[in-house]
Amino acid sequence: MKKHLKILAIYYRAALLTQMEYRANFGSSFVLSLVWPLWVFSLLSVLFYHSPSLGGWTFDEAILVIGLYDIFIGLQETILAPNITQVTEHIQKGTLDFVLLKPANGQILATITACNLMRLSDVIIGFGLIGYGLFRMGHVPTLMQVATFAVMIPAGMVTVYSIWLLLTTMAFWFVRVENFGEVFYAFYETGRFPISIYNRWLRLFLTYIVPIAFLTTFPAATLLGKLPLYFVLGSVAIAGILFYASSRFWNYAIRFYSSASS
Amino acid sequence: MKRFAAEFRASWNLMIEYRIMVAIWILTIVLPLIMLAAWLSIAENGPVGAYDRTSFISYYLAALVVRNMTGMWFIWEMDSELRLGALSFRLLKPMDPIVHYLAYACSSKPLRLLILVPLTIAVFLVVPGLKWALDPLSLVLFVASLAGALMILFLMQYTIGLFGFWITRSLSVNDFWFFTYSLASGYLVPLDLFPPAVHDVLQFLPFRYTMSFPVEILTGRLAWGMSLQGIAIQWVWVVGIYAFNRWVWRRGLRRYSAVGA
């Protein structure tokens, strides 16, 4: 465990050093990251122009959901997406050998070592939006609410990682899996708004099958005290189950990997 | 025209195995669907403006058709051709590259139509009470308005693509463009649901004529006199943007220095 943390630290430091050379990019990436929250903001304003509440959420409360969406998109583009492109490329070209041969956990090396720090701008903006929403409401979350929130974000991150791992692992059989990823992005989009605006079937689907609700709606709701605190257990359980299942699947699939030379 | 036909056929063959299309398909469907879900949830307590639940569905279904029949996604191709120098080969051909890109952009349309028709019929069967204006006159006007919308969108994207002569991030400009288009055209929000002041401003921008206008014809919200007038305005925009585009093209070409050119 300690060894792997050290390895990850080395990889991330290297990435940081390379990307520090393009500091100007961070500025422009920050501006671009501001555009999309602004966009959802306008859409929400029009919706709330016609109705004081949307699926039981006020405008200020919905801002928190936008913030969470940005946090997850940002985290995903920072530490997941770069790996996905990398690992599918490895599988397609048969160069995964070089990763698997290294004397460390292959799953860690193959799936979380690359990162794109530019997109941390989305995460910063996401937290900013949450602060702004809370400020507009004049709501100060209790310590317990903050604590559950602080657990739900990493749990959500593990959930997203596991779903991505499941999808990426399919590459061992289907080689071209980029389209699966696009399908997942489509579900992601639904996380921009509180889940209660969707009809019953979609809501069940987004809670239990593709648990997007646990990424944006539920953490926002717990922070506002709109949900019982035990939901945090649900999000940890889902993360645990999915992580276990996807890791098993990866280790199983690796046996089917035929490299370029063998 | 013959050149257009040849380029069209070549692009069509390429496009069938084109991966990005799947992604685009999904995104064009998902965003309006989410907005539709939100409106339906609000409309449960009575109609919103001039829209009840079924007219929202009619609207967004029409918007989906218009988006797919007029949408432009060739700027990614253009961007890489400009940066990697493939444009040099296009310049050697005895034909303006604009013809190639127009053909390329249109080549996906028949396949999209092929998917849209059964999809539309299915929605009409599932949702009772949907209303579209399907009389011959409205249909002719609708197809004509699609042509105008397609030309405006094509010229807008081609012009943004040409900015690639000066800047390396014309794709980011395209992001900003989509930001404006998706809000101001009626693609995600029916324009008459904006506050009146915003709505009035949007009438004077070209964006309305790329989406809301054809949708208004198809959903029967526009008298035919107004439709004809709208089509005329569409072509005024086409000519205007084309003139600007040619100006940008001539300036840009002077700056163009690709690998080996």
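In this predicted model, T148(A), V151(A), M152(A), A155(A), G156(A), V158(A), T159(A), S162(A), I163(A), L165(A), L166(A) and T169(A) of helix α7(A) meet a set of residues in α12(A). On the α12(A) side, the partners are V232(A), S235(A), V236(A), I238(A), A239(A), L242(A), F243(A), S246(A), F249(A), W250(A) and A253(A). By class, this contact of α7(A) with α12(A) holds 16 nonpolar residues, seven polar ones and no charged ones.

Two packed helices are described by the angle between their axes and the distance between the axes. Helix α7 of chain A covers residues 143-169, and helix α12 of chain A covers residues 231-253. Their axes come within 8 Å and cross at roughly 25°. Angles under 35 degrees count as roughly parallel, so α7(A) and α12(A) are roughly parallel to each other. The crossing of this pair is left-handed.

Helix α4 (residues 75-84) of chain B packs on helix α8 (residues 136-162) of chain B at an angle of about 25°, and the two axes are 10 Å apart. That angle makes α4(B) roughly parallel to α8(B). Here α4(B) passes α8(B) in a right-handed crossing. From α4(B), the residues I75(B), M78(B) and D79(B) meet Q157(B), I160(B) and G161(B) of α8(B). The contact of α4(B) with α8(B) has three nonpolar residues, two polar and one charged.

The next topic is where the chains touch. On the chain B side, 24 residues are in contact with 23 residues of chain A. Helices α2 (20-43) and α9 (170-184) of chain B each supply at least two residues of the side that touches chain A. The largest share of that side, twelve residues, comes from α2(B). Sorted by class, the residues of chain B that touch chain A comprise 20 nonpolar, two polar and two charged.

Helix α9 of chain B also contains F176(B). This residue is partly exposed, because 13 other C-beta atoms lie within 10 Å. F176(B) and T120(B) are 56 residues apart along the chain, and their C-alpha atoms are separated by 30 Å.

The largest nonpolar core has 118 residues. Within this core, A38(B), A63(B), V66(B), I152(B) and F154(B) touch the most other members. The largest share of the core, 16 residues, comes from helix α3 (residues 59-93) of chain A. One of the residues with the most core contacts, F154(B), touches M72(B), L102(B) and A105(B), leaving aside residues up to four places away in sequence.

Two loop residues remain, one in each chain. M118(A) sits in the loop between α5 (106-111) and α6 (120-137) of chain A. A residue with 20 or more other C-beta atoms within 10 Å is buried; M118(A) has 20 and is therefore buried. M118(A) and R23(A) are 95 residues apart in sequence, while their C-alpha atoms are 8.9 Å apart in space.

In chain B, P128(B) lies in the loop between α7 (109-126) and α8. P128(B) counts as exposed because it has 7 C-beta neighbours inside 10 Å.

Key. Residues numbered from 1 in each chain as written. Chains lettered and ligands numbered in written order. Predicted model: local features only at pLDDT ≥ 70, side-chain atom pairs only at ≥ 80, totals over all residues. Axes fitted to C-alpha atoms, helices over the stretch in contact; angles between N-to-C directions. Helix = DSSP H or I, 4+ residues; strand = E, 2+ residues; numbered from the N terminus. Parallel < 35°, antiparallel > 145°, perpendicular 65-115°, else oblique. Left-handed = near helix turned anticlockwise from the far one by under 90°. Contact = placed C-beta atoms within 7 Å. Nonpolar A, V, L, I, M, F, W, Y, C, P; charged D, E, K, R; others polar. Core = buried A, V, L, I, M, F, W, Y, C linked by C-beta atoms within 7 Å. Buried ≥ 20, exposed ≤ 12 C-beta atoms within 10 Å, placed from the backbone.
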